[in-house]
Amino acid sequence: MIGLPEIIAGVVAIALNAYVLTGGADFGGGVWDLFASGERRERQRELIAESIAPIWEANHVWLIVVVVVLFTGFPSAFSMLGTVLHIPLTIMLIGIVLRGSAFVFRSYGPYGRNRWGLAFAIASVITPLLLGTIIGSIATGAAADASAKIAGAASFGEVFVRPWAAPFPAAVGFFALALFAFLAATYLTVDAEQAELQEDFRIRALAAAAAVLVCAALALGLAHSAAPRVAMGVVGGLLIQAATASAAISAIAALWLRRYRLARIAAAAQVSLILWGWMIAQYPYLIPPALTIRAAAAPAGTLRLLAVGLAGGAVILLPSLQYMWRTFKTKSRA
Amino acid sequence: MLISDLMAARAQMALSLGFHIIFAEIGIAMPLLMVLAEWRWRRTGDGVYLQLARRWAKGTAILFAVGAVSGTVLSFELGLLWPSFMQLAGPVIGIPFALEGFAFFTEAIFLGVYLYGWERVSSRAHTLAGLIVAVSGAASALFVVIVNAWMNTPTGVTVDGGRFTAIDPLVAMRNPSTIQQVVHMLLAAYASTGLAVAGIHAAVLLKQRGPQLSGRGADPSGPRASGAFHRHAMTVALTVGIPAALLQPISGDTSARAVARWQPVKLAAMESLVETQRGAPLRLVGFEIPRALSLLAFRDPDAEVRGLSAFPRDEWPPVTPVHVAFQVMVILGTLMALVCAWASVTMLRRRDIADHRGLLRALALLTPAGFIATEAGWVVTEVGRQPWIIGGIMRTADAVTPMPGLAVPMIVFTLIYVGLAAVVAISIAWLVRETT
């Protein structure tokens, strides 16, 4: 049954998807800054910086939307995650702070590129790792289990560390990192103006695609023991599985054939389908196996107001976003 | 542990907010300054104004980015440090936060267009983008301060056994503190930033004037050329700073009366008034003005002002920090208003402020005054709200996360913020020096 709680949960999902495709790729750009190599190393870095500079702050706001809609619409879920996943969330936040500040200091500050470039790149690796770890921890049900133990005699490690410091969440962390790097490299093939740079990022995108496959296999393998519900759901959702696989094959084929715009669309579709595959597998749970969407939902009055506010906000937001993308992501004719 | 988890959580939240509030103020006011400079350029064709807008844009890029990431930290910290508060209040304060989300989104999008679109959009579209940033920045502040106003004087909720049985977020948004706090915060942003920018450029002018007066600054391309830059900069900054600083005492008076009515124990702490009395005096750094507090708070020199002893001991906020911070805020706000009155009179008499060394000195001295006053005001509001996280409904101690060892993240964030503050200060100083 689809009601207001499901619609608001859908908004959280869409915002998370938008964040992964935009903000995620910006972090991926930082990963390629760290791995810039070869004779065009500096030009690779310049391209990455030019490509994300005008848009990363707007892209970052999707994460704020996820957080705000989550705590407004599903306060008990937000409260539970904030408590049990305090440590990985804090590390992720530090990554976010350092990435953003290092990026502007590098662009405008007195110390030049090198010093801040490294901070920017390292923070760009840490943040996706932790984001994936957090998602992995939610999917296993460990976060919910730990939350139930707080009042009891459980040790600090059992409640605040073990839910996320485990193989499956770590595998999802690397999976997220590989996906973001894959997205970024694919986007950069389109943004690059010279053929050699395109070629640099084409090779990087193909390498990242291989890493994505390895991480996916690893995560799925671990999922069978760690998160049976997700594994079952993901394997069971044959349709979405088939769609993900065909998007992945299209992305790799398009990269191979140097059809970069097509590759960009296919890569974005692939990553989105993976995300939705996880979320659909969890449905109707927000935090399995403790909180369903319905059980975590705020009172109907709040949800109604929130829906009205989100719809009104979208009317302003969507044309603004379109304007931004048109301004910065259509190639200048100069 | 040296300090309790509750104190560590409060310290971390206070530090995060105290750090963010400065960048938020600059993020609200700087776009207005840039747009004004750009508009002056379009009107007069004087290229110095364009140069000014571009130079300010670089500083704003740094300050806005640090403001954005520190704001992100805050949105997470609400759940990391105060999960029970968010579980209870999320459905109430989430609505203004969601609206703030959209305002922030608009701000970030058009700031990107403003900073990187000089060559990509028409000059009219560029100015308009700046204007949208300025408006959405003010809107962001409006929605965030509404949340804080509700925490001070909550309305729109029916409480039963520590839970909300009925909530109306729209009523909550119109709580009795909303208007006063929002106006006070916005004026603070414009006054602090306007005067800080004016002060920086005044200091540069003073330095340049020095050698010139003694006959050594003969190079016409040096100080004089950049002199026009700093004169223009100071004028634009004062256009924003002066009206705000002159209006702020009126807003402060209205706020104090609202506090007197809705949060009497906070007023008692601000004034460090222990015993309830009629015709209460106003105490300001050792001076005592008879009956002034009664007059100011209730518009009646004989009105009764309730002292701390009229309230249960466990509902008192920490008195000394609130009292001291209140005095700091009032003194700095008064000084700022006086110097702005002086500057206005000078300008009305058609004298160039840049030739008035005394005024330049006063402005340069007041550079950090607005930000210090803001921090002090924030201490008055927030420490003065203790021991409650939601006034009269939920205690801060009952809202803190059960996670132990909170001193660790508190220390980590302290180090990060100290480091960031240092790098920001060095970067801005470097940007200023580049034009002198």
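Analyst: A residue is buried if 20 or more other C-beta atoms, placed from the backbone, lie within 10 Å of its own, exposed if 12 or fewer, and partly exposed in between. With 12 C-beta neighbours inside 10 Å, Ile250(B) therefore counts as exposed. Ile250(B) is part of helix α7 of chain B, residues 220-262 (helices are DSSP runs of H or I with at least four residues, strands are E runs of at least two, numbered from the N terminus). Between Ile250(B) and Trp118(B) there are 39 Å from C-alpha to C-alpha, the two residues being 132 apart along the chain.

This is a predicted model, in which local features need pLDDT of at least 70 and side-chain atom pairs count only at pLDDT 80 or more, while totals for chains, interfaces and linings use all residues. Residues are numbered from 1 along each chain as its sequence is written, with chains lettered from A and ligands numbered from 1 in the order in which they are written.

Confidence comes next. The mean pLDDT (the predictor's confidence in each residue, from 0 to 100) of chain B is 89, and 95% of its residues score at least 70. For the complex, the predictor gives an ipTM of 0.89 and a pTM of 0.91.

How many residues of chain B are in contact with chain A? There are 53, and they meet 56 residues of chain A. On the side of chain B that touches chain A, α2 (47-81), α3 (83-116) and α14 (407-434) of chain B each supply at least two residues. The largest share comes from α3(B), with 22 residues. By residue class, that side of chain B has 37 nonpolar, 13 polar and 3 charged residues (nonpolar: Ala, Val, Leu, Ile, Met, Phe, Trp, Tyr, Cys and Pro; charged: Asp, Glu, Lys and Arg; polar: the others, Gly among them).

The axes of α2(B) and α14(B) approach to within 10 Å and cross at roughly 170° (axes are lines fitted to C-alpha atoms over the stretch in contact, with angles from 0 to 180 degrees between N-to-C directions). The pair is therefore roughly antiparallel, a label for angles over 145 degrees. From α2(B), Lys58(B), Gly59(B), Ile62(B), Leu63(B) and Val66(B) meet Leu420(B), Val424(B), Ser427(B), Ile428(B) and Leu431(B) of α14(B). The residues of this contact divide into 7 nonpolar, 2 polar and 1 charged.

Two backbone exceptions remain in chain B. Gln386(B) and Pro387(B) are joined by a cis peptide bond, with omega about 5°. Pro387(B) sits in the loop between α12 and β7 (388-390) of chain B. Ser272(B), although not a glycine, has a positive phi of about 50°. The loop that holds Ser272(B) runs between α8 (264-271) and β3 (277-278) of chain B. With 16 other C-beta atoms within 10 Å, Ser272(B) is partly exposed.

Notes: Contact = placed C-beta atoms within 7 Å. Parallel < 35°, antiparallel > 145°, perpendicular 65-115°, else oblique.
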